[in-house]
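Trainee: Please take a close look at a single part of this model for me. Then connect that part to the rest.

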Amino acid sequence: MVQNSTISPGDTLLKVDHVSLRFGGVKAITDVSFDIRKGEIRAIIGPNGAGKTSMLNVINGFYHPQDGTITYKGATRAKMKPYVAASQGIARTFQNVALFKGMSTLDNIMVGRTLKMKSSFFWQIFRHGPAMTEEIAHRRMVEEIIDFLEIEHIRKVPVGKLPYGLQKRVELGRALAMEPELLLLDEPMAGMNLEEKEDMCRFILDVKEQYGTTIALIEHDMGVVMDLSDRVVVLEYGRKIADGTPDEVKANQAVIDAYLGVAH
Amino acid sequence: MEQDASAALDTFPKWLAHQAHARPSRPGMRHKDLGIWTEWSWAEVAQNVRAYALGLMAHGLQRGDRIAIIGNNRPKLYWSMMAAQSVGAIPVPVYADSVADEMAYVLEHAEVKFACVQDQEQVDKILSVSDRLPNIAFVFYDEPRGLRAYDHSRLQAIEEVIAQGKGLMLADPEANRRLDAEIARGTGEDISVILYTSGTTGRSKGVMLSAGRCIAAARDTVAFDGLSDRDNVLAYLPLAWVGDHYLNYAQALIAGFCINCPESPETAVEDRREVGNTYAFAPPRVFEGMLTRIMIRMEDASWLKRKLFHYYMGVAKLWGEKILDGKPVPVLARLNYAIGELLVYGPLKNVMGLTTVRVGYTAGEAIGPELFSFFRSIGLNLKQLYGQTEAFLFVTCQKDDGVRADCVGPATPNVEIRIAEDGEVLYKSPGQFVGYYKDPEKTAETMTPDGFVKTGDAGFFEKDGQLRIIDRAKDVGRLKSGALFAPKYIENKLKFFPNIREVVAFGQGEEFVTVFLNIDLVAVGNWAERNNVSYGSYQELAGHPQVYDILAGHVAEVNRQLAEEPMMARAQVHRFLILHKELDADDGELTRTQKVRRGFIADRYASLVKALYDGSTEADISTEVTFEDGRKGVISARVKVMDATVAPVAAMPQAAE
């Protein structure tokens, strides 16, 4: 397992190099390259079907690109399983919330600690000895996340009963429980009202500040993207059409035509 | 004035020392943090407060300085008050949910030198108005999250101040001597705290309360209800409200009971259950919320549970209050009630966190008789009190065996009450205020020449010696016909319906009475869900024709009740409308304690008020709203106006729907 990376803030954490992804004859991503620097908030935007979610899936090993390479923390990889990505410090949330609906908030976030659990299966069955000591330490970490995300009041509520905005927050909590180095957020604010969006923005900024986590996010709300992110990459029909700071991207004619200026 | 060690306990720091000495290992404070209840004994509380006070002195806090306390109920904020008072400084608690501008007004008016706040949100608010607050030398915070990157030249964690003070405690005998001298110098004459009233009309006023009087008042009521160090309270009321300062701060320091701070305001219900509070206060709104939630859950319960619930609620209604009051009850009924306790009342109280409550109080608003009876009939010793900030809370309160829903009880021990000729209630109490801060004119206006305080409320004594409050004295008016018009009286009657959250009545100098209604989103939303009524927003639900019909029924019912009261029969509601948005304190429509500001609302919704009186069936309105972050937006709507069914005076009631 990769521990204690030597990458300092500002260096390239992840590099996507000429990646192409096809499903049969359909080209989802065509020859896209960009990088994510440590400690930044990197937004991926684009119209529907531009290949944003596919891109995230490629990064965390869910899809395997036909061409191109991905370099994470200096190691180039061709194919990688999602659990390997997870163990290397890549966590994510999903566009459609993917939680265990019948389990409580607490248990869902505890799931995020699975990879950090060291005690043997034997002790875990009996929940004694080293497993107990370990669980207490993990529980503390989970409680800190609950406190951080201000979800104390739903600690024991089954997540299926929660409103959407809170489910999104629990999902973020589960991703944070992995203590990720790179956090991938797939439309963290979809379907939220203004107040929930503002809360979520604050949490994302706090995550970056407090844990120093690098964040890559897909988001449709342009106001949010321009406020939050340090750099933005714009995709259209699987191709990269722009890359730069929010101001640069806003001024880019191709982007204006593809996305911002044209009503759909 | 110098005092020797055996002097009376006339300040809160002296009481703290007393508790640390008398019951060092009893729990003084608890806080649920990271899911676990952390406990401090009185000795530890005193130790921390002492260190904190030393730290604050090292930062330059001096006798007489004002120090703002802003946030939810947290041990460190309570310690801030105790530490400030130890040095002889005056804590000024501020409502945590007030927007930056309101906060700036209080901080500016009180000329605070330091502020102790909960978290980043409050720090941000203070920073955003810092140009208006040149006096603030330091801001101390409890919760470090998000503040790491801030400029710390005038910002520090409370924890660090305490740590610094702990260092001084060991290393600097001179500082210790100075602190001891300050504590000893404190007298009952000192201003102990300045509480800003929520201000139903205009800007809030700073009510100065002296230490000696606070303690005298709290001692009387601790004795009255037999409170001891075995009691537990859950501190969830706003710190800036007199109720919190009285019930959770003053009484705890005197009786030595434990102040439990919830994890967050949203978890109060759960935390109350865990702590098992024995002494509870809640405004009627909170009790109403509990009952509404219970009723909604019962609707979804299984057939058997529903039957059981309704049967035993019937039993409770018949006998519950009589058993509570110790009146004679047949043996069989007692037995049946005991079974009900086992099957229904006990579990209900457990769910609401009321199992262990020995003394419960409600105040602040009139409580609906049915709501009140519900809680009493399941065995909760719920009583009413009447009070105000200027009295340091208690003016009247009910004895355990003298409880009724429509009155607020006889005068509290050592309180003198007089009814003025115009009906206004006047009192003289042990806890009464010293004056309004920097406003001797207002102080003089509020006092009678012989030292009574004017409450501004109109009321009278019932035959059994209990006080009955009708309305704010200045709000009681007359219709054009000369009929008595008490808006609050009508509003309260309407608000007793769970579907109605807020009411504003108009009628002063008019032909007839009209009202604005606010629906209760929980209750009406639940009704909509059960009846397949779809709606997209609050606005849409509020304007739904079926919702109008339901509320028309409620208004007609209230009219029937009014028709039976000779004084009020002519003040029936003739027309009403349902507002398209919830009245909100952020928009200045309610006070921070959730009371309607009638005049302000009349101005703001002038076009709607006009429509109520000119016979039109609809009116357009656009209003500015303030979001939680202080930004503004506009809501526009077309609101329907409806005629209400007016009951014939002294005639047979007729069905409305």
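Mentor: Start with helix α16 of chain B, residues 487–495, in this predicted model. The helix is mostly covered, with 9 of its 9 residues buried.

Now the contact between the chains. Chain A puts in 14 residues and chain B puts in 12. On the chain A side, α5 (129–148) and α7 (194–211) are the elements that give two or more residues. By class, that side of chain A has 11 charged, 2 polar and 1 nonpolar residues.

Next, chain A itself. Domain 1 covers 11–89 + 180–264, and domain 2 covers 100–177. Their centres, taken over C-alpha atoms, lie 27 Å apart. Domain 1 brings 10 residues to the contact, and domain 2 brings 8. On the domain 1 side, α2 and α7 of chain A each supply at least two residues. Helix α7(A) gives the most there, with 3 residues. The class count for that side of domain 1 is 7 nonpolar, 2 polar and 1 charged.

Finish at A:G89. This glycine sits in the loop between α2 (82–87) and β6 (90–93) of chain A. Is A:G89 buried or exposed? A:G89 counts as buried because 22 other C-beta atoms lie within 10 Å, and the cut-off is 20 or more. Which residue lies 93 residues from A:G89 along the chain? That is A:L182, and the two C-alpha atoms are separated by 6.2 Å.

Conventions. Residues numbered from 1 in each chain as written. Chains lettered and ligands numbered in written order. Predicted model: local features only at pLDDT ≥ 70, side-chain atom pairs only at ≥ 80, totals over all residues. Helix = DSSP H or I, 4+ residues; strand = E, 2+ residues; numbered from the N terminus. Buried ≥ 20, exposed ≤ 12 C-beta atoms within 10 Å, placed from the backbone. Contact = placed C-beta atoms within 7 Å. Nonpolar A, V, L, I, M, F, W, Y, C, P; charged D, E, K, R; others polar. Domains from an automatic or database assignment.
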